[in-house]
Amino acid sequence: MTPLVSYFRWPVGLTLAGLVLAGWLGWRTTGTASGALSFFMIGAILAVLEISLSFDNAIVNANKLKDMTPVWQRRFLTWGILIAVFGMRIVFPLAVVAIAGRMGPIEAVFLAAREPQEYAHIMDEAHLSISAFGGTFLMMVALNYFIDQDKDVDWLRAVESRLRDWAAIRGLEVALVLAIALGFSLALPGHKGAEFLFASVCGLLTFLAVELVGHILDSAEDARTAAASGGLGAFLYLEVLDASFSFDGVIGAFALTQNLFLIAIGLGIGAFYVRAMTLMLVERKTLAQFRYLEHGAFYSVLVLSLVMFTQALVHIPEVITGLVGACLIGLSLMASIRYERAARGG
């Protein structure tokens, strides 16, 4: 079995390189040692924030990856990290600003470099739609896990057994998500409510489309290989899922700094730790060893989705989201350890 330290060798090296780069960026931007130190510290805080917010992401990824072929596992862990770091931490914010500001991508890059406050303002204006879209997608992910007739392990039995019984009601999770989204949209004033509901419906349609495309692609691959694939369709699903997890961190990062490039460095460092944790969970079969760990992760996903919805009404500090998620995962881990001890008669 691969030693634990081996999984984090690359992330630690990239952390050091990234923080040095953040300090250099601060020096070039401000021309002062204090500015360099400030950028260095913000980069470190952003990396810690991303890691704390994304541990549940790693567990959910591992839950899907464990059923994929080794080829597609490697593809996700190589191509996927490039998409996560470059696509979500750099291209996505630029695309949001380009669309919201009705400008070209090159103009968005120059705006980020020369007028970071205006850039951050445009990103903040798009926060409502991003929260509704990402929150809806993540809520569907969580409810799909719990409202499942084939699920045979319960952590919080009173809740989970009832949800499993309700799985026979077709489209229940869709109805629940739409009802919650409608409730939040009615609580918002005027056009904001319509904007929230539209983005939420888009998030729902994206989830259903990814599920449909994934089913079609994987069925076609099964026909060609006559083997369980979990291939291209699962890869696409994981990429959209990864993006949905990233929305909150990318938007929240603008509360610490308006510098796009510093945000990319800090959150990029965190993304490499998520990859390392995912790989460790898959190779060491940690989910099988800890019976309720993935339950805690999916409860954390559900809480994150509700937080993203709630942020349409009030600001919730990202550190609170991270702490709640960490507590849920920690509680599920302790419950798993107690179960294992009881099963061994210890």
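**Close-up views of a predicted all-chain model**

**View 1. The whole chain and its surface.** The chain exposes about 16,800 Å², and carbon and sulfur atoms supply 67% of that area; accessible areas come from the Shrake-Rupley method with a 1.4 Å probe, and for residues only the protein chains shown count as cover. This is a predicted model, in which local features need pLDDT of at least 70 and side-chain atom pairs count only at pLDDT 80 or more, while totals for chains, interfaces and linings use all residues. Residues are numbered from 1 along each chain as its sequence is written, and side-chain values use heavy atoms, with hydrogens and water left out. You will find 15 helices and zero strands here (DSSP runs numbered from the N terminus: H or I of at least four residues for helices, E of at least two for strands). Of the 346 residues, 50% count as buried (buried is under 20% relative accessible area, exposed over 50%, partly exposed in between, with a 1.4 Å probe and protein chains only). Among contacts (heavy atoms within 4.5 Å) between residues at least 6 apart in sequence, 77% join residues at least 24 apart.

**View 2. Ala98 in helix 4.** Take a look at Ala98, which lies in helix 4 (residues 70-100) and is buried, with a relative accessible area of 12%. Leaving aside residues up to four places away in sequence, Ala98 touches Met103, Gly104, Pro105 and Ala108. Val109 is eleven residues from Ala98 in sequence, and their C-alpha atoms are 9.0 Å apart.

**View 3. Helix 5 against helix 6.** Helix 5 (residues 105-114) and helix 6 (residues 116-125) pack at about 120 degrees, with axes 5 Å apart. That angle makes helix 5 oblique to helix 6 (under 35 degrees is roughly parallel, over 145 roughly antiparallel, 65 to 115 roughly perpendicular, and the rest oblique). On the helix 5 side, Ala108, Leu111, Ala112, Ala113 and Arg114 meet Pro116, Glu118, Tyr119 and Ile122 of helix 6.

**View 4. The two sides of helix 8.** In helix 8 (residues 157-165), the buried residues are Glu160, Ser161 and Leu163. They cover an arc of only 160 degrees around the axis, so they sit on the same side of helix 8 (the arc is taken from the directions from the helix axis to the C-beta atoms). Ala158 and Asp165 are exposed on the other side. Helix 7 (127-146) and helix 14 (293-310) are included in what covers the buried residues of helix 8.

Conventions:
Axes fitted to C-alpha atoms, helices over the stretch in contact; angles between N-to-C directions.
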